Amino acid sequence: MEPKKITAPIIMKMKRQGEKIAALTAYDYLMALFLDDAGIDIILVGDSGAMVFAGYDSTIPITVDEMIYHTKAASRGVKRALLVADMPFLSFQVSTEDALRNAGRFIKEGGAEAVKMEGGEAIAETANRVVNAGIPVMGHLGLTPQSINRFGGYKVQARTEQDVAKLITDAIALEQAGVFSIVLEKIPAAAAKKVTEKVNIPTIGIGAGPHCDGQILVTHDILGLFEKFRPKFVRVYAEMGREIREACARYAEDVKLSNFPNQDESY
Ligand code: KIV
């Protein structure tokens, strides 16, 4: 029997029912297939792919066309999870028309079922137009990596009372705009708890403590594939970087020593 397809309304219902939401990132068919089989509720084609897939130093350079390519690939591996595509830097900030056109491309060309946009009050009207066009929108507050140049680094956000108040105002603006969930990134657990209690839509934390309605991490981080840096909030479940290196070194040795291929591996 086919598993029950997760939709944006189901994600909202999970909060009402007190069921935690498990989300991870994927940028290609195979990884999406593995995550879907593992029962992950939301698969995000994140612009983090700019860093962990494409090797850039930030998420800023990745383009809409590149993100659509990744979304298309991931969509071929997903049956059950909700597939969300991240709208990259300047794909929704310039004008509402631009945002609508680009969000539409992620749905029509990419096969996504929702899009994610970074920002609060400032993008609420745009998010509302996209929602009204029939596209579920996920919000993203706290440390929003597309604004890294303004923040001056990947620092913990919402440390002051004033910042927490602004975070709550932003979250409420997004909820009123019709977004179905909000990612809260790298903020104190107490701030995330306050936001989670203030809104009726689910909060999905990344480095935001245990009180969020769900959690998201970058898959390449939890699998130990991305070794450049490991944020404190990442739990590493496998050391696949090491395993890949060891396996490939064994292969290279076999080739060099003429131990591969053997008779069974030949025609
Ligand atoms: O780009 C991304 O992968 C993200 C998540 C980590 C929330 O925005």
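In which sense do strand 4 (residues 114-116) and strand 5 pair, and over how many bridges? The two strands pair in the parallel sense, over 2 bridges. Two strands count as paired if DSSP finds at least two bridges between them. Helices (H or I, at least four residues) and strands (E, at least two) are DSSP runs, numbered from the N terminus.

The model is predicted: local features need pLDDT of at least 70, side-chain atom pairs count only at pLDDT 80 or more, and totals for chains, interfaces and linings use all residues. Residues are numbered from 1 along each chain as its sequence is written, and side-chain values use heavy atoms, with hydrogens and water left out.

**The barrel**

A barrel is closed by 8 strands in the order 1-2-3-4-5-6-7-8, with parallel pairing. From one strand to the next, the twist averages 25°. Strands of a sheet pair through backbone hydrogen bonds, either parallel or antiparallel.

Strand 2 (residues 42-45) pairs with strand 3 (residues 82-86) in the parallel sense over 4 bridges. Here Ile-43 has Leu-83 of strand 3 as its bridge partner. For Val-115, the bridge partner in strand 5 is Val-137. Strand 5 (residues 137-142) is largely enclosed by the rest of the structure, because 6 of its 6 residues are buried. Buried means under 20% relative accessible area, exposed means over 50%, and partly exposed lies in between (1.4 Å probe, protein chains only).

**Packing around helix 6**

Helix 6 packs with helix 5 and with helix 8, as tabulated here.

| Helix pair | Angle | Axis separation |
|---|---|---|
| Helix 5 (residues 96-108) and helix 6 (residues 121-132) | about 40° | 9 Å |
| Helix 6 and helix 8 (residues 161-177) | about 15° | 8 Å |

Axes are lines fitted to C-alpha atoms, for helices over the stretch in contact, and angles run from 0 to 180 degrees between N-to-C directions. At about 40°, helix 5 is oblique to helix 6. At about 15°, helix 6 is roughly parallel to helix 8. Angles under 35 degrees count as roughly parallel, over 145 as roughly antiparallel, 65 to 115 as roughly perpendicular, and the rest as oblique.

The crossing of helix 5 and helix 6 is right-handed. In this contact, helix 5 supplies Thr-96, Glu-97, Ala-99, Leu-100 and Ala-103, while helix 6 supplies Thr-126, Arg-129 and Val-130. By class, these residues are 4 nonpolar, 2 polar and 2 charged. Contact means heavy atoms within 4.5 Å. Ala, Val, Leu, Ile, Met, Phe, Trp, Tyr, Cys and Pro count as nonpolar, Asp, Glu, Lys and Arg as charged, and the others, Gly among them, as polar.

Helix 6 and helix 8 also cross in a right-handed sense. A crossing is right-handed if the near helix is turned clockwise from the far one by less than a right angle, and left-handed if anticlockwise. Residues in this contact include Ala-124 and Ala-127 of helix 6, and Ala-173 and Leu-174 of helix 8. The contact has 7 nonpolar, 2 polar and 3 charged residues.

**Two single residues**

Thr-126 lies in helix 6 and counts as buried, at 10% relative accessibility. Neighbours within four places in sequence aside, Thr-126 contacts Phe-92, Thr-96 and Ala-99.

Glu-19 sits in the loop between helix 1 (8-16) and strand 1 (21-25). With a relative accessible area of 43%, Glu-19 is partly exposed. Beyond its neighbours within four places in sequence, Glu-19 contacts Met-14 and Asp-213. The C-alpha atoms of Glu-19 and Gly-214 are separated by 8.4 Å, and the two residues are 195 residues apart along the chain.
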